[in-house]
Amino acid sequence: MENEVTYTMPRIGDKAPSFKAKTTQGDINFPEDFKGKWLILFSHPADFTPVCTSEFMTFGIMPPEFEAHNCQLVGLSIDGLYSHIAWLRTIKEKIEYKGMKNVEVKFPLIEDITMNVAKTYGMLQPGESTTHAVRAVFFIDPKGIVRTILYYPLSLGRNFDEIKRVLIGLQTADNFNVALPADWRPGDDVIVPTAGSCGVAKDRMDNAAGDMTCYDWFFCTKKLPKEEVEKKLGKK
Ligand code: BEZ
């Protein structure tokens, strides 16, 4: 059909689509320029709007926490570069919110006036808005694979503790070969992957000892001290 807009979106496990873009920190080649790092690519609906401002102030003070976890933040909206620069300057020079002030956003903010990146990454969801990106968050691992995707509507600001929890959770699952239960935080027990067969798993349950607890043959946890997680992944 003529003039039909195609909206695509990467899925968990897909290679993150590559693109070139202008940002507030110069031109980037995504994700290639950030090889070897975890990436959080997130979109916001528009510059000079209140929910987005509260999010940028919150994210703006967090980079050291993400750097400690080898993670680079990259923002995006379908505004132009001069709008981004003016908005970030306003945030730094004028806005004091919840004890945060002089917040300087140092991570790159992509201009996407053509909406190319927003369309490729499924950030435009026409049922919610045809002119603004929704609040999407893509977690991309150092091999360039999409590992988690979060979406929020225009009216709801994101929980940045959860974003940090997801990053640390993914890194913990990878590094310790474990899975993580509901509401897991560093220091909580982790799930030991189920052994191949039911019989082996039953044996494991019957012989559970030391730091392992089994709730049934398919559900065993073990301790993973916070210090061990921090030592391997970095502090904060
Ligand atoms: C906001 O960030 O406040 C916002 C942006 C676009 C639409 C609605 C709210």
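A residue is called buried here when its relative accessible area is under 20%, exposed when that area is over 50%, and partly exposed in between, with a 1.4 Å probe and protein chains only. By that rule V74, at 0% relative accessibility, counts as buried, and its place is in strand 4, residues 71-77. In space V74 and N29 are 12 Å apart, C-alpha to C-alpha, while in sequence they are 45 residues apart.

The model is a predicted one, in which local features need pLDDT of at least 70 and side-chain atom pairs count only at pLDDT 80 or more, whereas totals for chains, interfaces and linings use all residues. Residues are numbered from 1 along each chain as its sequence is written, and side-chain values use heavy atoms, with hydrogens and water left out.

Seen as a whole, the chain has seven helices and ten strands, where helices (H or I, at least four residues) and strands (E, at least two) are DSSP runs numbered from the N terminus. The C-alpha atoms fill a box of roughly 65 × 50 × 30 Å, taken along the principal axes, and of the 236 residues in the chain, 44% are buried.

The rings of F19 and Y121 are edge-to-face, because their planes stand at 85°, with the centres 6.0 Å apart. Since F19 belongs to strand 1 (residues 19-23) and Y121 to the loop between helix 4 (116-120) and strand 6 (135-140), this pair ties together parts that are 102 residues apart in sequence. Both partners are covered: F19 is buried at a relative accessible area of 11%, and Y121 is buried at 0%.

Another pair is made by F56 and W87, whose ring centres are 4.8 Å apart and whose planes meet at 55°, so that it counts as tilted. Here F56 comes from helix 1 (residues 50-60) and W87 from helix 3 (residues 81-94), and the pair therefore ties together parts 31 residues apart in sequence. F56 and W87 are both buried, and they belong to one aromatic cluster together with F42, F59, F66, F107 and F160. A ring can also have a charge over it, as with F176, where the charged end of K232 sits 5.7 Å from the ring centre; the rule for this asks that NZ of Lys or CZ of Arg be within 6 Å of the centre and within 35 degrees of the ring normal.

Among the polar contacts (pairs of N or O atoms within 3.5 Å), a backbone N or O atom of C52 lies 2.8 Å from an oxygen atom of the ligand, a polar side-chain atom of T49 lies 3.0 Å from a ligand oxygen, and a backbone N or O atom of P50 lies 3.3 Å from one. Taken alone the ligand exposes 260 Å², of which the protein buries 78%, the areas coming from the Shrake-Rupley method with a 1.4 Å probe.

One member of the shell, R135, is found in strand 6 and is buried, with a relative accessible area of 2%. The side chain of R135 also reaches the backbone oxygen of L156 at 3.4 Å.

Some details of the backbone remain to be pointed out. A cis peptide bond, with omega about -5°, joins F30 and P31, and P31 lies in the loop between strand 2 (26-30) and strand 3 (38-43). F48, a residue other than glycine, has a positive phi near 55°; its place is in the loop between strand 3 and helix 1, where F48 is partly exposed at a relative accessible area of 48%. K98 is not a glycine either, although its phi is positive at about 50°. The loop that holds K98 runs between helix 3 and strand 5 (109-111), and K98, at 71% relative accessibility, counts as exposed.

How values were computed: Rings of Phe, Tyr and Trp (its six-membered ring) pair if their centres lie within 6.5 Å; planes under 30 degrees apart count as stacked, over 60 as edge-to-face and the rest as tilted. A polar contact is a pair of N or O atoms within 3.5 Å; within protein, one must be able to donate a hydrogen and the other to accept it, and residues adjacent in sequence count only if both atoms are side-chain atoms.
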